[in-house]
Amino acid sequence: MFCVVKKSISHLKYLLLLAAFSTAVFAFCFGYFSLYLNISDSIPKGLYVLEKRLPKKNELALFCLNEEFSVIAKERKYLSNGVCNGLAPIGKKAVAKAGDLVKINRFGTYVDNVRIKRSQPLKFDPNGELMPQRFFEKLLDDGEYLFVAEKIYSFDSRYFGIVGKENIIGTIKPVFTYEKGHLFSDLSD
């Protein structure tokens, strides 16, 4: 009986040591490699690494909303708490950058006259709140970006408009993502 208890305590110490070591390595990686965990539906859920640079077209990026739209997102609980005016940064795909002609109207979001799928602005959010309408047509200047997700209920540039480079935290690349029942791993360029 004594041997079984002694063996269980030894096993428990090993598991606790392994858990402590794993936690330390994970915490180090989050700090050193600037890892971000996404749990929203705007981009695939998973773990991303941040690169401190501006995105290229069709790359994912993290950015902060300006003050006006931070208030809306906070009141409606679109985002969790974080470092951007008290809210978490947003991760979306940069669909347009300097030199691209962008247009948002009641029919959708267009980049160089090509409509993005499922990008029609909605009048109301799923809770019945009136959505801001930002209809415009513009050739983007240096440091201007449009971020849109191909999802009907995405809170993106179809509502808050152009995002300036001063609001962009950096580009994110997936480490491990999970979407529609599939686990992906990608650190390639």
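This is a predicted model: local features need pLDDT of at least 70, side-chain atom pairs count only at pLDDT 80 or more; totals for chains, interfaces and linings use all residues.
Strands, like helices, are DSSP runs numbered from the N terminus, and a strand here has at least two residues.

I begin with Lys-92. This residue lies in strand β5, which covers residues 90–96. Lys-92 is buried, yet it has no salt bridge. How far away is the nearest side chain of opposite charge? That side chain belongs to Asp-156, and the distance is 5.1 Å. A salt bridge requires a side-chain nitrogen of Lys or Arg within 4 Å of a carboxyl oxygen of Asp or Glu.

Which side chain does Lys-92 meet in a polar contact? The partner is the side chain of Ser-42, at 2.4 Å. Beyond its neighbours within four places in sequence, Lys-92 is in contact with several residues, among them Glu-59, Phe-63, Phe-147 and Asp-156.

Ser-42 leads us to the pocket. The largest pocket has a volume of about 830 Å³. It is lined by 33 residues, and those closest to its centre are Ser-40, Asp-41, Ser-42, Tyr-78 and Leu-79. Strands β1 (35–38) and β5 each supply at least two residues of this lining.

Finally, I consider Asn-38, whose place is in strand β1. Is Asn-38 buried or exposed? Its relative accessible area is 14%; buried means under 20%, and therefore Asn-38 counts as buried. A polar atom of the Asn-38 side chain lies 3.2 Å from the backbone oxygen of Pro-44. Setting aside neighbours within four places in sequence, the contacts of Asn-38 are Ile-43, Pro-44, Lys-45, Gly-46 and Tyr-48.

Thank you for your attention.

Methods. Residues are numbered from 1 along each chain as its sequence is written. Side-chain values use heavy atoms; hydrogens and water are left out. Helices (H or I, at least four residues) and strands (E, at least two) are DSSP runs, numbered from the N terminus. Buried means under 20% relative accessible area, exposed over 50%, partly exposed in between (1.4 Å probe, protein chains only). Lys and Arg count as positive and Asp and Glu as negative; His and the chain ends are not counted. A polar contact is a pair of N or O atoms within 3.5 Å; within protein, one must be able to donate a hydrogen and the other to accept it, and residues adjacent in sequence count only if both atoms are side-chain atoms. Contact means heavy atoms within 4.5 Å. On a 1 Å grid over the protein atoms alone, a cavity is a set of points where a 1.4 Å probe fits but cannot get out, and a pocket is an open set with protein on both sides within 12 Å along at least five of seven lines; lining residues have an atom within 4 Å of a point. Grid points are joined across faces, edges and corners, and a volume is the space filled by probe spheres set on the points.
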